[in-house]
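Here is a short report on how two protein chains meet. Look at the structure first, then read on.

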2 protein chains.
Amino acid sequence: MDTLFEKFKKKINQISDLNQANGVLGWDQQVNMPADGAEGRGYVLGTIQELIHEELTSPEMGQMLEDLKSFEKSQDPDSDEVRLIKFTRRQYEKRTKVSTRWVGEYAMAQTVGESNWEKAKAASDFKMFLPYLEKIIDLKREYAEFFKPYDHVYDPLLDDFEPGMKTAEVKSIFKTLRPRQVELIKAINQKPEIDNRFLYLEYPEKEQLEFGVEVIKKFGFDFNKARQDKSVHPFTQGLNIGDARITTRIDPGYLGTGLFGTMHECGHALYELGYSPKLARTLLSDGASYAVHESQSRMWENLVGRSLAFWKYFYPKLQAKFPSQLGNVDLKTFYKGINKVAPSLIRVEADEATYNLHIMLRLELEIEFIEGSLKPKDLSEAWNARIKEYLGLTPPNDAKGVLQDVHWSSGYIGYFPTYALGNLLSVQLWEKLSGEMPDMEQRIEKGEFGNLLHWLRTNVHVHGAKFEPQELIRKITGSPIDPQPYIRYLEKKFSEIYKI
Amino acid sequence: MDTLFEKFKKKINQISDLNQANGVLGWDQQVNMPADGAEGRGYVLGTIQELIHEELTSPEMGQMLEDLKSFEKSQDPDSDEVRLIKFTRRQYEKRTKVSTRWVGEYAMAQTVGESNWEKAKAASDFKMFLPYLEKIIDLKREYAEFFKPYDHVYDPLLDDFEPGMKTAEVKSIFKTLRPRQVELIKAINQKPEIDNRFLYLEYPEKEQLEFGVEVIKKFGFDFNKARQDKSVHPFTQGLNIGDARITTRIDPGYLGTGLFGTMHECGHALYELGYSPKLARTLLSDGASYAVHESQSRMWENLVGRSLAFWKYFYPKLQAKFPSQLGNVDLKTFYKGINKVAPSLIRVEADEATYNLHIMLRLELEIEFIEGSLKPKDLSEAWNARIKEYLGLTPPNDAKGVLQDVHWSSGYIGYFPTYALGNLLSVQLWEKLSGEMPDMEQRIEKGEFGNLLHWLRTNVHVHGAKFEPQELIRKITGSPIDPQPYIRYLEKKFSEIYKI
């Protein structure tokens with residue numbers, strides 16, 4: 001029976017290597033590729049992805065997964081071997097349920113959708129994008145049908161990003177969260193506005209980059225295993241446990257973009273570098289889910305990077321880098337400045353208190369148009385009404401409203417909730433780890449992050465994708481994803497800052 | 001029958017895409033990869049190369065190539081279709097002749113050989129490298145046996161780098177060349193030494209890079225289709241006709257390294273960018289051979305970049321970049337300086353007049369140890385005796401002698417001759433093109449390279465790997481590779497410079 005598993009493992013190694021090749025090709029495309037290389041690269045990516053799909057859905061793979069069932073029963077159900085088989089079987093079953101015709105049409109709709117979204121956004125005209133969005137929504141509704149029976153039509157979509165998570169669970173979490181966040185924002189709005197204009201002075205790129213590197217090196221970002229480049233849209237690409245790459249965007253007129261972006265991507269990279277070496281070259285050498293991944297980036301960005309403890313250590317260093325900009329700004333003022341709450345139209349620029357409301361708005365609209373109760377043609381109007389209701393704002397145009405995010409044009413419907421879940425998870429994990437290490441704040445004040453990273457490594461990172469997200473969170477914290485820690489955190493932090 | 005060809009073409013497209021993925025992975029490994037990514041990357045490269053090998057040697061491929069024979073007969077023998085089938089059949093036949101056992105052992109010997117060569121070179125101890133070299137030579141001799149009958153045991157090795165070329169041809173070319181080059185060098189040695197110490201002043205990296213970019217942009221290096229990076233060992237990686245990449249090494253204490261290295265790699269890249277779009281995603285979207293590739297790099301580096309005409313245009317610009325270093329050096333002195341002939345121990349630093357002698361030495365030794373008439377253990381001694389005979393020099397140690405080049409450790413036996421053949425070819429093509437365009441020199445003096453590039457594009461580049469090198473050269477110049485143009489060029493150029 002070992003021989004069969006070895007044969008299976010060898011095939012998995014090959015698929016995992018192709019995944020990694022795909023990662024290098026994608027990273028290179030965004031960071032290095034000359035403009036005219038796009039067509040050739042498109043073909044190469046298509047071929048690699050086709051090979052991965054063929055291998056994962058081959059009759060040979062199906063037979064192996066069937067034959068491995070008795071081996072599975074003889075092993076520890078939590079062993080790497082059994083978990084790898086289960087994970088692969090899930091992939092096999094999901095992929096073989098979907099028709100080849102659908103896969104082709106969807107790939108085309110994504111490509112056409114993205115380029116037309118770009119044009120529509122540039123023209124700020126939702127109607128230009130509408131026919132492409134309608135096509136994508138139709139395809140996504142058809143996709144859900146492959147997975148009948150389901151509890152909710154949105155379930156199969158959500159499951160692609162957050163394995164095992166149900167629409168009902170997300171709805172219930174958000175139902176608890178929404179009134180408390182809305183209430184908090186209302187209370188903040190009655191307080192005097194924080195002045196953070198000092199963040200919007202001229203901050204030269206070179207010094208911004210240097211300071212970012214100083215911070216993430218302290219976090220444990222090791223340049224023997226990682227690198228940093230510049231790109232328009234910051235992202236992280238993990239390749240293997242010796243090679244993870246982040247990109248950073250620097251805004252020379254605003255300190256926040258580069259600073260918090262660097263910490264955010266560093267959090268993703270540290271996760272990628274922390275998977276157990278025993279999972280290398282398998283499909284389990286990956287994050288447990290999009291939400292768990294986001295919990296890691298948000299933890300380093302917000303729980304660490306926007307905390308007073310962190311700045312007690314780093315603020316004098318930042319002032320030394322930018323004496324003319326920050327020399328006369330004291331620590332408390334700076335801390336308040338980077339934590340200013342102000343409802344805004346753009347999700348990626350939102351503060352911690354308002355961010356999740358942007359997500360809830362998108363989730364509600366997604367569920368409605370997938371259910372069919374909201375027609376795509378009415379989406380721009382629905383968006384504007386909802387953002388008025390939640391944040392009291394009216395988008396001046398579609399580019400700053402319904403067209404602001406790329407996700408729907410790429411077919412990423414079911415993705416948005418993971419951003420909010422990641423926020424919740426980051427605090428849920430933080431409560432757990434700071435309970436176990438009560439001197440965490442004192443350590444951060446001294447610029448020591450080793451025990452934090454060690455805790456994340458041994459409790460979260462090492463498992464890779466062995467466990468589904470809810471199982472993993474329960475294993476670590478004793479409960480599934482829970483909005484209460486996040487609510488407690490937000491209320492405490494902003495009550496202090498705003499003296500509520 | 002079209003359907004069969006289409007099926008074949010689709011498989012070729014896939015193989016070509018995998019080749020391109022391999023190219024991106026290799027380039028990234030040398031330019032970007034963090035050190036600890038090496039192990040994971042090794043597996044990915046292994047998997048991709050295995051897939052390429054499997055596809056090219058599959059029974060399905062064999063059957064298609066058999067079935068395509070009648071289609072071939074119905075087509076123009078010079079059509080892209082027929083040439084692609086022929087090229088692929090050659091690959092199929094070569095690869096299927098070799099045993100799987102040999103492929104595995106050879107891959108291992110290459111990996112182990114390279115790392116032990118590095119160590120032996122660092123210790124300057126040939127004996128440390130000897131057992132690994134013996135293994136590689138044994139494997140290469142075994143490789144030749146797969147291709148029996150052959151005219152010469154070295155033929156199958158040479159054929160891997162220079163398709164269709166025979167050992168007897170190379171020997172005959174070098175037999176003509178050697179005495180004339182030796183005689184020229186002797187004559188030069190009796191003349192006063194040229195003083196080129198001004199090339200060895202401090203030349204800041206930034207300005208060196210800027211000047212290099214200025215030059216290659218004039219050559220036609222288009223940054224929408226190409227990029228330049230720094231690396232320890234300069235190289236060119238062509239990916240597709242919209243994406244070719246060169247790397248450059250700058251020596252801040254010597255102007256020649258970066259300057260001529262940049263033009264050299266640019267020549268390779270222009271070739272890669274010039275393949276016919278109709279050959280895209282096929283195995284013919286590649287250079288005709290290593291020698292033809294080298295002819296392109298050497299032409300831009302030497303025929304253009306070391307010519308007086310070139311410097312009439314560019315020298316004032318170089319002086320403006322480096323006024324303190326070159327302000328008092330006149331054009332003639334500079335031109336003589338960059339063309340100084342001085343026998344040296346290291347091939348990659350050799351001037352135009354002595355370079356080929358380095359190659360001949362290696363070729364003779366390669367032939368002897370592959371024939372078995374020279375034992376690997378006697379190689380260091382044989383090297384030193386031969387370089388004394390040819391260049392009058394004695395290496396102070398093995399690092400500056402027999403261990404200087406990586407090639408043998410990587411199993412690249414049969415590769416060296418292509419460097420000399422490339423030199424010959426560069427001049428053979430130059431004679432032809434300047435015969436057709438008699439105002440070439442005047443154009444270069446004005447910094448105009450468009451008609452030169454156009455000629456190379458339409459006569460050389462566009463064909464890619466459609467024709468074997470000798471066939472291509474005959475097509476273009478009317479004769480096979482011929483040493484006479486090179487001899488004429490060398491004698492004329494250096495007689496003028498050295499007043500012989």
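## Buried area

Buried area is the accessible area that two parts lose on being put together, summed over both. The size of an interface is often given in this way.

This is a predicted model. In the model, chain A and chain B bury about 2800 Å² between them. Carbon and sulfur atoms carry 55% of that area. On the side of chain A, Asn32(A), Pro34(A) and Asp36(A) lose the most area to chain B. Together they make up 17% of what that side buries.

## Contacts across the interface

How many residues of each chain are in contact? The count is 35 residues of chain A and 35 residues of chain B.

One of the salt bridges joins Arg41(B) to Asp243(A). Their closest N and O atoms are 3.7 Å apart.

## The side of chain A

Which elements of chain A each supply at least two residues to the side that touches chain B? They are helix 1 (2-31), helix 2 (38-57), strand 1 (226-230), strand 2 (236-240) and strand 3 (243-248). Helix 1 of chain A gives the most, with 10 residues.

The residues of this side divide into 16 nonpolar, 9 polar and 10 charged.

## Cysteines

The count of disulfides over all chains is 0. Cys266(A) counts as buried because its relative accessibility is 0%, under the 20% cut-off. Cys266(B) is buried too, at 0% relative accessibility.

Note on methods: Residues are numbered from 1 along each chain as its sequence is written. Chains are lettered from A and ligands numbered from 1 in the order in which they are written. This is a predicted model: local features need pLDDT of at least 70, side-chain atom pairs count only at pLDDT 80 or more; totals for chains, interfaces and linings use all residues. Side-chain values use heavy atoms; hydrogens and water are left out. A disulfide is a pair of cysteine sulfur atoms within 2.5 Å. Buried means under 20% relative accessible area, exposed over 50%, partly exposed in between (1.4 Å probe, protein chains only). Contact means heavy atoms within 4.5 Å. Buried area is the accessible area (1.4 Å probe) that two parts lose on being put together, summed over both. A salt bridge is a side-chain nitrogen of Lys or Arg within 4 Å of a carboxyl oxygen of Asp or Glu. Helices (H or I, at least four residues) and strands (E, at least two) are DSSP runs, numbered from the N terminus. Ala, Val, Leu, Ile, Met, Phe, Trp, Tyr, Cys and Pro count as nonpolar, Asp, Glu, Lys and Arg as charged, and the others, Gly among them, as polar.
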